[in-house]
Amino acid sequence: MQYFQLMGFGPDGWGRDMLAAAGMTIGVSIVGFVAGVLFGCCGAAAKLSRFGSLRWTAEVYTTVFRGVPDLLVIYLFYFGSSSLITSVASMFGAQGFVGAPAFLTGALAIGVVSGAYQTQVFIGAVEALPRGEIEAARAYGMSSFLLFRRVVLPQAIRFAIPGVANVWQLVLKESALISVVGLIELMRQAQIGAGSTRQPFSFFLTAAALYLLITFVSGIGFQALEKRAMRGVRRPA
Amino acid sequence: MLDLPFFLDTLSTLIGGVPLTLQLTVLSVSSGAMLAFALALMRVSGNPLLDYPARFYIFAFRGTPVLVQIYIVYYGLSQFPVLRQSMLWPFLREAYWCAVIALALNTAAYSAELIRGGLNSVAVGQIEAARALGMSRPLAFRRIILPQAFRQMLPAYSNEIILMVKSTALASTITLLEVTGLAAKLISQSYRPVEVFIGAGAIYLTINFLIARLCAALQTALSPEKRAAPAPAQSPETEAPRHG
């Protein structure tokens, strides 16, 4: 009973704040995810490119950002851009430390990390295409661009869906780490509530339940998407 | 651009956090593996009373961030006076044990599915053959299923161990000064995130590289049939034409 009053929508309930924070979690996750898709596309293109230097750069990118803790990357981006901003601001005469916007730096950090995973997903999807199809398209005289647009892309997107869904779940969970640089998303809001009511278990459990709800619902969404994308594909019986 | 003396100084400070990072990894991975084994057995038991609780456990721990799990254990449990007065409190009060417990509970959920996949990968015919030879179920499980399941899941499990190394970084949010905790401290003291990041990143990459190599070597040692056969001895007798 007490719990529902605490998390309710009454005058001293935290329900509204927690839901708003969950919205912020979804927002920062979406921005980070989209950035990750862009980085992933660039990474995959670089890994498949003819130029050794591009392939090598992409290899370093995926190795480093998949091998280093996400928290460390968030610190790098937050403090890195903050000290950049601070030095620019001091050139214009401002005093002291200027913090970078937590939303942008957090989303960017998540984008860079998830982009490394996304690169691997896209590579796998492109490599899943039967070689014969590409040879056939070439034999018909398609240019590389046309071949990519008509043959590779539509099928690779289909193959990539399960991997992309995994990365989305990863991004959602990683977004909790942005709380350490002060963005008021679900995790930070739970900390605030826990601090001011001295009921940490209730708040963190509620946050966990909301995360679970978001991952569960988006999991169903991706399953439906996969089913739809695969509707024209014959499966081996 | 890179200030070398500062970088070396940073690196030597950060290396001081490696023992704690490794301790957290080893303790949570080993205790998590035991729990994962129990969960995997529940999943394959065929008994819904065991299967569904295990399913729910895995669903809940895989669907929420590790950070939430760590906070629930470290901050959340103090909400219950019963726990605060129990004998467990000396452990639950320590950030160190809370991090180990939360990380172990988390990795157990992921590893359980890997173990289940390994157990299911063993061909049914082999189990039937073992039973036909008169092995009891536990003996067949121990001699036939388990060794092959272990070998099968090892590559995926090495990924999980690497993920756990990365997850120990979250222990820094509950005051532990492992590599990332020290890195955060150094960054806020020096405002030079790039050098600190390179140092800490190099440490994590080295640890993860070593784990990957170790697991790959173990995998090779455990799969004698996949190793290249030794080159046949080139003796004049075998070279000689048969119908001389």
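In this predicted model, H7(B) passes H9(B) in a right-handed crossing, the near helix being turned clockwise from the far one by less than a right angle. Local features need pLDDT of at least 70 and side-chain atom pairs 80 or more, while totals for chains, interfaces and linings use all residues. Residues are numbered from 1 along each chain as written, chains are lettered from A in the order written, and side-chain values use heavy atoms, without hydrogens or water.

**The H7(B)–H9(B) pair**
- Helices here are DSSP runs of H or I with at least four residues, numbered from the N terminus.
- H7 (residues 95–121) and H9 (residues 137–167) of chain B have axes that come within 8 Å and cross at roughly 145°; axes are lines fitted to C-alpha atoms over the stretch in contact, with angles from 0 to 180 degrees between N-to-C directions.
- Contact (heavy atoms within 4.5 Å) involves residues including Leu103(B) and Tyr110(B) of H7(B), plus Phe141(B) and Met164(B) of H9(B).

**Ser12(B)**
- Ser12(B) sits in helix H1 (residues 4–15) of chain B.
- Its 48% relative accessibility makes Ser12(B) partly exposed, a class between buried (under 20%) and exposed (over 50%), using a 1.4 Å probe and protein chains only.
- Gly199(B) is 187 residues from Ser12(B) in sequence, yet their C-alpha atoms are 9.0 Å apart.

**Around H4(A)**
- Just after H4(A), Gly93(A) has a positive phi of about 95°.

**Confidence**
- Chain B has a mean pLDDT (the predictor's confidence per residue, from 0 to 100) of 90, with 93% of its residues at 70 or more.
- Over residues 237–242 of chain B, pLDDT stays under 50.

How values were computed: Helices (H or I, at least four residues) and strands (E, at least two) are DSSP runs, numbered from the N terminus.
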